[in-house]
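Me: I have a structure to go through with you. Can we take it question by question?

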Amino acid sequence: MPLFWDWQRPASLAQAQTRFDSDLPIVLRGATARTRERHSDAITDSLALFDRARAGESFEGMLHERLDPRRWAAAGATIDAADTRELEKVFVHARRGRRVAARDLYAKLSWIAHDERDSSLRIRFSFGSEALLDWQKETRRAPWSDRLAAEAFPECAAITGSKPLVAFVERMLGCKPRFSERIIYNNAPGGGAHFHHDDEEHQLGVLYNQLEGATGWFALPKRQLAEFVAEFARGPLARRAGTSRKALRALDDTSDAALSRLLNSTPQFTRALAAVGTFYVLHAGDSILLPTHGPDDTCWHAVYALGSRPSLAHSYGLFAARRR
Ligand SMILES: [Fe+2]
């Protein structure tokens with residue numbers, strides 16, 4: 001991407017649309033630079049919440065401290081013993097007067113990594129049954145879950161209140177967006193995420209917003225990643241992924257250890273990706289838009305926490321406000 005790239009210039013929109021339609025990431029420099037200043041206290045409080053959680057404080061207690069009981073009724077908390085990363089899932093009902101307007105909204109606090117040395121945390125806002133994928137099937141409770149996130153983490157408004165950013169997303173999607181399945185990230189030094197995709201039914205993309213600290217990103221279309229995999233695959237992996245077409249299918253197998261090694265811990269592979277400009281650094285105020293148009297037409301990405309302190313970022317799934 002050229003250095004003079006300014007995503008807000010009308011002349012840049014056509015180029016941005018081409019990138020979006022081609023599953024290429026779009027880095028939006030300073031997308032929340034102004035709005036995040038208005039929410040700097042909330043950002044500081046959220047960083048402190050994660051530190052308190054790491055020190056063992058109850059997430060349920062901290063969440064309810066942030067919610068107005070006239071609007072939100074406590075509905076208990078659970079811990080999934082089968083998920084070693086989950087710390088606490090706190091359920092809340094939304095109130096409208098004396099009535100319950102939406103049941104079983106939740107905020108789930110988890111470690112990001114299986115590796116115990118990585119102390120990165122995240123909080124996901126959703127509703128209903130996770131195992132039954134209620135969030136993919138139902139749209140009625142989604143706005144309530146978004147409202148819950150916005151009240152618990154007021155810095156959500158740094159993103160949803162940035163008019164140029166929202167207008168840009170609307171333009172790229174071609175419809176009014178709903179920012180749902182919100183995840184608050186607290187990436188600790190050395191943490192991050194291996195290569196993966198966020199292609200989910202009805203999800204048109206993901207908007208990740210760096211509010212404090214910095215992260216490094218590899219982000220590129222799955223088809224382009226498959227070409228690199230085909231070129232670098234050796235030995236038994238070459239039989240499974242030695243052509244672009246085979247590599248495209250091999251990427252669907254998340255349990256392939258040899259492929260994961262190639263993608264995430266092979267310096268020559270990583271250097272080759274960086275050499276063609278697929279690495280980006282996000283600083284506070286920057287956002288990245290990751291398009292998705294289907295299982296093979298989606299932007300794959302890997303994330304690296306940069307800096308010496310845990311950072312803060314909000315990542316939102318992008319959906320059509322009205323499902324077509
Ligand atoms: Fe992701």
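Reply: Helices here are DSSP runs of H or I with at least four residues, strands are E runs of at least two, and both are numbered from the N terminus. The model is a predicted one.

Me: How many helices and strands does the protein have?
Reply: Both kinds of element are present. The counts are 13 helices and 13 strands.

Me: Why does the protein count as compact as a globular protein of its length?
Reply: The globule rule gives 20 Å for 324 residues. The protein comes close to that value, so it is as compact as a globular protein of that length. Its radius of gyration is 20 Å.

Me: What share of the residues is buried?
Reply: Buried means 20 or more other C-beta atoms within 10 Å of a residue's own. The count runs over the 324 residues of the protein. The buried share is 40%.

Me: Which residues have the most contacts inside the largest nonpolar core?
Reply: That core has 79 residues. The two with the most contacts inside it are L148 and V229.

Me: Which residues does V229 contact, leaving aside its neighbours within four places in sequence?
Reply: Contact here means C-beta atoms within 7 Å. With the sequence neighbours set aside, the partners of V229 are A241, A247, A250, L251 and L262.

Me: Which strands stand at the edges of the open four-strand sheet?
Reply: The order is 7-12-9-10, with antiparallel pairing.

Me: Which residue stands opposite H196?
Reply: Strand 7 pairs with strand 12, residues 299–306, over three antiparallel bridges. In strand 12, the residue opposite H196 is H301.

Me: Is strand 6 mostly covered or mostly open, and how many of its residues are buried?
Reply: Strand 6 spans residues 177–186. It is mostly covered. Of its ten residues, the buried ones number nine.

Me: What is the bridge partner of I123 in strand 6?
Reply: Strand 5, residues 121–127, pairs with strand 6 in the antiparallel sense over four bridges. The partner of I123 in strand 6 is I184.

Me: And what is the bridge partner of Y185 in strand 13?
Reply: Strand 6 and strand 13, residues 312–320, are antiparallel and share seven bridges. The partner of Y185 in strand 13 is A313.

Definitions and conventions:
Residues numbered from 1 in each chain as written. Predicted model: local features only at pLDDT ≥ 70, side-chain atom pairs only at ≥ 80, totals over all residues. Core = buried A, V, L, I, M, F, W, Y, C linked by C-beta atoms within 7 Å. Buried ≥ 20, exposed ≤ 12 C-beta atoms within 10 Å, placed from the backbone. Contact = placed C-beta atoms within 7 Å. Rg over C-alpha atoms; globule rule 2.2 N^0.38 Å. Pairing = 2+ DSSP bridges.
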